[in-house]
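Subject: Structure for your review

Dear colleague,

Please find below the structure that I am handing over to you. My findings are set out after it.

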Amino acid sequence: MDILARIQAASITAPCLAPQHHHKHLQQLCFPMSTGHHFSCFYMHQNHFPVAMPGHPCRIPSGSIRCQSGAVEAPEMQDVKFSKSMLSFDMGKDRLSKVPASQIRNFSIIAHIDHGKSTLADKLLQVTGTVSDREMKEQFLDNMDLERERGITIKLQAARMRYVAKDGEPYCLNLIDTPGHVDFSYEVSRSLAACEGALLVVDASQGVEAQTLANVYLALENNLEIIPVLNKIDLPGADPERVRNEIEEIVGLDCSEAIFCSAKEGIGIQEILESIVAKVPPPKDTSMNPLRALIFDSYYDPYRGVIVYFRVVDGSIKIHDKIQFMASGKEYEVDELGVLSPGQMQVNELFAGEVGYLAASIRSVADARVGDTITSSANKAGMALSGYQEAVPMVFCGLFPVDADQFGELREALEKLQLNDAALKYEPESSSAMGFGFRCGFLGLLHMEIVQERLEREYGLNLITTAPSVVYRVQCADNTVVECSNPCELPEPGKRVWIEEPFIEMITPKEYIGTLMELAQERRGEFKEMKYITESRASVIYILPLAEMVGDFFDQLKSRSKGYASMEYSLSGYRKSDLVRLDILINGEPMDPLAAIVHKDKAFAVGRALTQKLKELIPRQMFKIPIQAAIGTRVIASESISAMRKDVLAKCYGGDISRKKKLLKKQAEGKKRMKSVGRVEVPQDAFMAVLRLEKEVV
Amino acid sequence: MEMDPGTFDKQTLKQFLGLGVNRVSLGVQSFNEDFLKACGRSHGLQDVYEALDIITGLNVSNWSLDLISSLPHQTLEHWEECLREAIGLSPAHVSVYDLQIEEGTKFGVWYKPGHHPLPDEDKSASFYRLASSLLREAGYEHYEISNYAKPGFQCRHNMVYWKNQPYYGFGLGATSYFNGKRFSRPRKLKGYADFVELCINQSSDNFSANEEYLSFYSNTVESVEDRVCDTIMLSLRLASGLNLNELSKNFGHELRVHICKSFLPFINSGHAVAVDSKFKTVPPDTFSTALSEQSASKVLKDVIFIRLTDPDGFLLSNEIISSLFTDLPIK
């Protein structure tokens with residue numbers, strides 16, 4: 001795999017019909033946001049906005065950590081279980097105390113969706129007393145509402161726990177979250193780079209899934225110590241022995257010491273904690289070196305500026321230190337420093353091996369991007385930590401407000417989102433039919449869906465989106481190479497020699513091979529190989545153009561496999577394709593938002609489908625309207641809407657006048673809502689329907 | 001007076017004439033027994049001819065005849081027969097309406113506009129064109145979208161509506177239009193009685209309270225936008241069209257120029273024509289050049305009327321009027 005491919009390597013799962021109620025509202029999206037809430041929703045930062053929690057104010061002044069224990073009521077019952085949790089709570093309340101680097105363990109959890117990552121994370125926090133049972137319940141409920149309301153998944157950035165191991169020593173355990181989706185695989189790799197170990201959680205009844213594999217490989221590339229955990233052993237269908245063998249065979253991991261666990265029932269939790277202490281290597285004590293800290297996440301807080309989550313790799317960082325971000329070169333003074341446990345708690349200093357957050361009145365996340373290295377202005381490190389990549393948009397589409405008056409609001413909303421999402425790119429775009437809007441670039445499809453969803457839900461915008469496009473590379477006659485993501489900007493046929501498009505390699509387990517093959521075959525897919533991992537488990541690998549996946553591929557995969565197919569894909573590079581630009585003309589006027597770059601073999605079918613749909617949806621007007629699909633000047637499909645023959649109110653007398661006027665005014669209102677393409681008025685919903693169809697057929 | 005065949009005899013009509021009735025509008029609808037049944041009329045063809053005998057027998061020369069087109073299963077041949085029969089009877093005035101399918105009526109349940117057995121839009125348009133050409137050939141002037149008259153026999157009653165002039169209406173649910181207000185009387189008998197009583201009581205001692213009460217039944221004074229819309233939609237029903245001089249007198253010169261601009265595409269497409277003070281058609285080229293130049297005012301001053309063409313413009317009048325509404329500069 002080349003570097004680009006590695007960055008993209010991750011996975012997508014299709015089982016969106018997961019029985020998790022909090023996903024309900026997401027099913028309307030084109031595919032599941034499988035990354036979802038890795039841990040249960042409680043204590044987490046919705047959209048990165050800190051959630052204030054009773055007893056866990058987000059901003060606890062440094063040294064005031066004791067106020068937290070005060071928030072817990074004295075036990076009234078002498079219940080054994082209760083006192084046990086109180087015991088662990090006593091342990092937890094000291095979690096800000098400094099421990100030597102040799103007693104720090106930084107780890108993450110790798111799991112397929114539904115394999116129990118959230119439950120396990122909750123349990124670890126509970127058992128170590130980081131969160132009390134009472135808080136757990138309250139918070140869980142609160143955040144459920146929040147999540148339902150906001151519609152976007154929640155993720156935990158990090159949680160610091162204190163655990164006194166059987167050897168009697170107190171350990172500081174940092175659980176670092178990883179976003180699990182392919183669009184964010186770069187962030188996954190940064191999160192993993194901040195750890196020394198990972199728990200590989202596999203459902204003991206289901207076995208290893210494609211998504212898990214991708215992340216395991218990422219973890220192995222980052223030299224993480226992997227601890228296999230077989231979860232849900234309490235379920236009747238659990239077969240931990242079989243799954244253990246499977247992990248050994250597929251991943252090549254020694255599973256002789258795999259932990260059998262049921263996070264739900266609390267079985268094996270202690271063993272997991274002990275195993276983390278015993279097996280995950282401590283960070284190197286490099287406190288004496290110049291500061292280097294790796295940013296693994298960041299979000300924009302309207303009051304404090306960007307909040308940066310980082311892992312101190314070398315040296316130490318203190319409040320009021322002057323720091324520099326090595327990739328962006330920006331300098332700031334640390335206003336606030338702290339740890340996440342899981343709420344933000346302020347501390348004065350953090351040392352090599354520790355994980356924390358800082359605020360420094362940073363105006364945009366673009367100044368402190370994930371993967372960047374923080375160093376000290378006074379004592380700069382010679383070299384940044386490796387692996388920093390600027391996010392490159394892979395998928396583009398046009399976003400236009402349905403109501404032209406909302407253009408200003410859309411721009412403001414995009415500006416705000418970008419403060420928090422450095423990967424989002426946008427530039428103004430205008431078209432005769434759609435008015436003013438923006439051409440936006442996204443990391444991938446999920447990212448695109450999330451941004452659209454947030455713009456509509458959080459900013460109350462009503463948007464029209466054009467069919468998504470990938471980035472094409474055009475070899476021009478003058479020997480230059482032009483990158484093009486907007487069909488309207490594709491160089492003229494005479495000026496180009498060939499067009500290359502991005503291809504992906506797609507892997508799916510054998511169960512879904514039939515579905516996938518059928519789908520891939522329809523979409524210019526090319527069968528590469530069938531890999532037998534074990535006798536019963538095989539994967540099939542297909543090469544297909546990314547452009548074929550940006551439409552309704554996941555919807556199709558999901559519906560054809562009743563919601564269960566899973567697959568992963570990675571970018572495999574650019575290849576020449578026989579591509580053309582298909583224009584749609586209404587009454588001779590090109591309809592820019594409908595222009596598409598399509599494979600020559602599909603152009604005819606796409607052209608016919610679109611012209612037919614437009615004929616169906618555009619009402620008759622006072623003149624005949626030709627509707628054409630054309631490649632250059634060559635018309636490949638055409639339809640026409642005959643002229644309106646008759647639209648007249650026969651009677652109009654006395655008392656009738658007001659009523660007839662109302663009718664005519666209503667008709668006039670309808671016209672105002674239409675988009676005009678040249679002289680032709682196209683109803684808004686016709687536009688939307690054709691754009692929807694285009695997403696399916698292109 | 002509106003009269004339906006089969007609802008009066010010679011004696012009745014004679015008495016009406018004695019009371020001063022000077023015009024009869026006869027709701028014939030069709031000269032085909034099947035279509036009469038289809039459009040739910042209680043009278044038959046026999047009733048139609050009897051009624052006509054009564055009218056002509058009493059020497060009523062100012063009489064009108066109503067016809068309905070676009071009936072279920074109607075063909076162009078049927079319609080032509082019907083029109084020729086009407087012309088043969090030589091009424092002073094003919095009204096031709098399209099069957100209007102209203103939701104919530106039996107017709108609305110049975111038929112969907114434009115779908116079999118109702119004629120489609122194209123056929124329905126050809127009925128309209130045929131009526132227009134046959135009646136005009138026979139000497140009738142197509143003076144309003146649905147109305148034809150021999151010279152001097154335009155319906156004076158309805159012209160009041162179309163010229164947007166004030167009028168009084170009496171009786172249940174009747175509308176009046178005066179002082180720029182549209183006013184509609186109570187629709188039910190009980191409410192109507194109360195209303196009349198109140199009017200009597202109030203008018204004797206306190207006139208202003210009466211006004212207030214009346215305003216309860218009326219819309220407030222129509223807004224400028226409403227008046228402009230009324231003027232456009234009503235005047236364009238007439239062959240004479242929109243009087244631009246009156247328009248600028250009532251609403252200002254700017255609106256005149258604005259409306260002329262809105263009309264341009266329809267004038268270019270032949271759905272409307274501009275007419276000058278000598279009642280000559282202003283060629284579309286001249287009109288459009290005048291609009292594009294700064295010296296527009298002189299030529300535009302000379303354009304006195306803009307009217308819809310017959311039958312092309314009339315047939316698409318809703319589309320044209322609603323486009324003009326969309327373009328109006330008023331909120």
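The notes below cover the interface between the chains, the cysteines and the backbone.

This is a predicted model, in which local features need pLDDT of at least 70 and side-chain atom pairs count only at pLDDT 80 or more, while totals for chains, interfaces and linings use all residues. Residues are numbered from 1 along each chain as its sequence is written, chains are lettered from A and ligands numbered from 1 in the order in which they are written, and side-chain values use heavy atoms, with hydrogens and water left out.

Interface

On the side of chain B, 39 residues are in contact with 26 residues of chain A (contact means heavy atoms within 4.5 Å). The two chains bury about 3100 Å² between them, 57% of it on carbon and sulfur atoms; buried area is the accessible area (1.4 Å probe) that two parts lose on being put together, summed over both. Within chain B, the most area is lost to chain A by B:E121, B:N318 and B:E319, together 19% of what that side buries.

The rule finds 8 salt bridges across this interface, a salt bridge being a side-chain nitrogen of Lys or Arg within 4 Å of a carboxyl oxygen of Asp or Glu. B:E121 also takes part in a salt bridge, with A:R620 (3.1 Å, N to O).

Cysteines

A search of the whole structure gives 0 disulfides over all chains, where a disulfide is a pair of cysteine sulfur atoms within 2.5 Å. For A:C476, the nearest cysteine sulfur is that of A:C484, 9.6 Å away. For A:C484, the nearest is that of A:C488, at 8.9 Å. A:C476 is buried, with a relative accessible area of 8%, and A:C484 is buried at 2% (buried means under 20% relative accessible area, exposed over 50%, partly exposed in between; 1.4 Å probe, protein chains only).

Backbone

Most residues other than glycine have a negative phi, and most peptide bonds are trans. The peptide bond from B:D310 to B:P311 is cis, with omega near 5°. A:R524, which is not a glycine, has a positive phi near 60° and counts as partly exposed at 22% relative accessibility. B:S70, likewise not a glycine, has a positive phi of about 65°; B:S70 is buried, with a relative accessible area of 6%.

Yours sincerely
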